[in-house]
Amino acid sequence: MNIAELQAYGYFALVLLLVVVLYSYIYHLYSTDKKKGGHDYEKFSNMALNDDIGDAPVTPMSDDKEK
Amino acid sequence: MENRPLEYDYTVAKMFMFTTIALGIVGMLIGVILAFELAFPGVNTILGQGLAEFTNYSRLRPLHTDAVIFGFTLSGIWATWYYVGQRVLKVSMAESGFLMFIGKLHFVLYMVVVVAVVASLFLGITTSKEYAEFEWPIDIAVVVVWVLFGVSIFGLIGIRREKSLYISIWYYIATFLGIAMLYLFNNMEIPTMLATNAAGESGIGNWWHSVSMYAGTNDALVEWWYGHNAVAFGFTVPIVAMIYYFLPKESGQAIYSYKLSLLSFWGLMFVYLWAGGHHLLYSTVPDWMQTMGSIFSVILILPSWGSAINMLLTMKGEWQQVAASPLIKFMVLGSTFYMFSTLEGPIQAIKSVNAIAHFTDWIVGHVHDGTLGWVGFMIMAALYHMAPRVFKREIYSKSLMVSQFWIQTLGVVLYFTSMWIAGITQGMMWRAHDEFGNLAYSFIDTVTVLHPYYAIRGVGGLLYLVGFLMFAYNIYKTMSARPVEESELQNASPMGA
């Protein structure tokens with residue numbers, strides 16, 4: 001096996017890996033969304049919409065710190 | 001005093017708003033002068049032969065690019081950071097004397113750098129590396145300014161009340177990290193006073209002069225890895241940060257898909273860094289590297305369109321706002337231009353297309369539909385949104401905004417259409433040959449043919465500058481317009497007639 005062949009196999013493996021990583025991330029985003037206790041990603045949009053200094057944070061740093 | 005309710009503190013944001021406008025005017029004015037110099041060479045000596053050194057194209061060109069990139073755009077990024085950062089982290093700069101000091105120091109040192117850059121470039125002191133013209137003492141000062149920006153970002157994050165970081169913050173952090181890495185590596189240089197030549201002489205040249213640590217093809221590779229990613233982390237990433245905050249806020253609509261914003265973020269981060277090689281197609285760079293640059297440029301369409309479509313779909317069901325609000329118009333056209341130029345760029349990066357497009361005016365056209373249509377529109381929209389909240393007054397004139405929008409849109413369209421025609425004409429003429437392989441045209445033949453398009457480009461740029469002056473006037477007058485109540489500042493910005 002010469003270097004060009006090795007590169008080609010390596011290239012194919014890399015493409016495969018990247019596809020798997022990409023689709024796993026999409027799956028992760030959409031599956032944890034539904035589960036209870038997982039992130040509801042869409043609520044994070046409210047960080048921009050309710051951004052007055054008196055508004056309640058979407059996820060407060062900690063309850064005791066918040067007084 | 002003790003019982004005064006806590007408010008966001010926009011002192012530093014206001015300072016950078018000022019430099020955004022001032023340096024925008026300077027950079028765009030020089031751009032218009034340059035455009036007319038190309039169309040009418042007499043403009044090169046407009047102030048007479050004695051001052052020709054300071055008015056000729058080659059002396060002014062880096063001043064234009066550096067003023068709009070590192071002056072206008074960077075100031076816009078910082079003005080919005082010192083505004084958006086506080087709001088989405090729900091913490092005021094007034095709560096930290098340290099961060100307030102860092103913010104002000106950031107601005108003051110930035111001003112020092114601006115003066116040094118303008119003076120040195122006017123005097124012709126340059127490293128001759130495109131977009132990296134500053135000599136080593138200025139580079140060191142730039143690094144200090146950048147570190148202060150980082151201290152400000154991570155300092156504010158450190159005292160935040162909102163645990164999660166909004167998507168815009170991710171993009172601001174990426175801007176900071178990306179530019180930090182690119183700038184350091186591309187500006188590795190050795191002051192000539194430390195060097196010794198073959199004859200044993202040392203202390204060569206002026207104390208400020210330096211040479212790049214890289215040579216030949218390596219220098220070109222590092223330069224375009226930097227150059228293209230300056231587009232990524234200066235013109236794309238922080239501007240996406242802005243639109244992810246300002247469009248939802250101004251329209252009152254939640255981002256269409258927050259998940260898509262996360263996915264496009266990682267996509268953009270991974271893909272962008274590999275695309276710089278497309279600047280070196282058909283050069284001495286290894287062929288596989290050129291191919292990689294092309295491929296990654298084409299893949300780049302996906303994350304770019306992910307963000308742009310996400311923005312346009314945020315307006316779903318609310319399109320009447322585009323008709324009603326000039327501020328929304330700026331942002332929607334901005335994201336449309338973003339889609340457009342992120343399709344155009346990959347097309348130009350395809351090797352066979354690049355064979356025609358390389359070194360032609362089409363590239364210049366591409367840069368400007370991105371910067372004028374996307375970066376410029378988004379920064380102006382951001383400042384329009386900020387102005388009523390920062391000055392607590394309504395925007396001075398809505399009709400002036402509408403006129404500005406149409407004048408500038410016409411300007412951008414004239415700019416890129418003329419450069420398309422000019423670029424493709426140029427590319428075809430350079431390649432044309434007879435049956436024996438003799439070139440069909442000489443260089444001056446192309447110059448003659450391109451003249452009208454250069455004149456149209458100058459007019460397009462002039463219209464954009466006129467619009468920018470209208471923007472500056474509108475913001476200036478806003479400072480004395482009708483005061484507004486807190487309740488008027490929820491979403492849509494209040495505007496006078």
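**Chain B: domains and a helix pair**

Chain B is divided into domain 1 (1-135 + 149-159), domain 2 (165-191 + 215-318) and domain 3 (353-497), with bounds that come from an automatic or database domain assignment. The model is predicted, so local features need pLDDT of at least 70 and side-chain atom pairs count only at pLDDT 80 or more, while totals for chains, interfaces and linings use all residues. Residues are numbered from 1 along each chain as its sequence is written, and chains are lettered from A and ligands numbered from 1 in the order in which they are written.

I turn to the boundary of two domains. The C-alpha centres of domain 1 and domain 2 of chain B lie 21 Å apart. Their contact takes 16 residues from domain 1 of chain B and 19 residues from domain 2 of chain B, two residues being in contact if their C-beta atoms, placed from the backbone, lie within 7 Å. On the domain 1 side, helix 3 (57-89) and helix 5 (136-158) of chain B each give two or more residues; helices are DSSP runs of H or I, at least four residues, numbered from the N terminus. Helix 3 of chain B supplies the largest share of that side, eight residues.

Next, a helix pair. The axes of helix 6 (residues 167-186) and helix 8 (residues 258-272) of chain B come within 10 Å and cross at roughly 10°, the axes being lines fitted to C-alpha atoms over the stretch in contact, with angles from 0 to 180 degrees between N-to-C directions. Helix 6 of chain B is therefore roughly parallel to helix 8 of chain B, the term covering angles under 35 degrees. Among the contacting residues are W170(B) of helix 6 and F265(B) of helix 8.

How values were computed
Angles under 35 degrees count as roughly parallel, over 145 as roughly antiparallel, 65 to 115 as roughly perpendicular and the rest as oblique.
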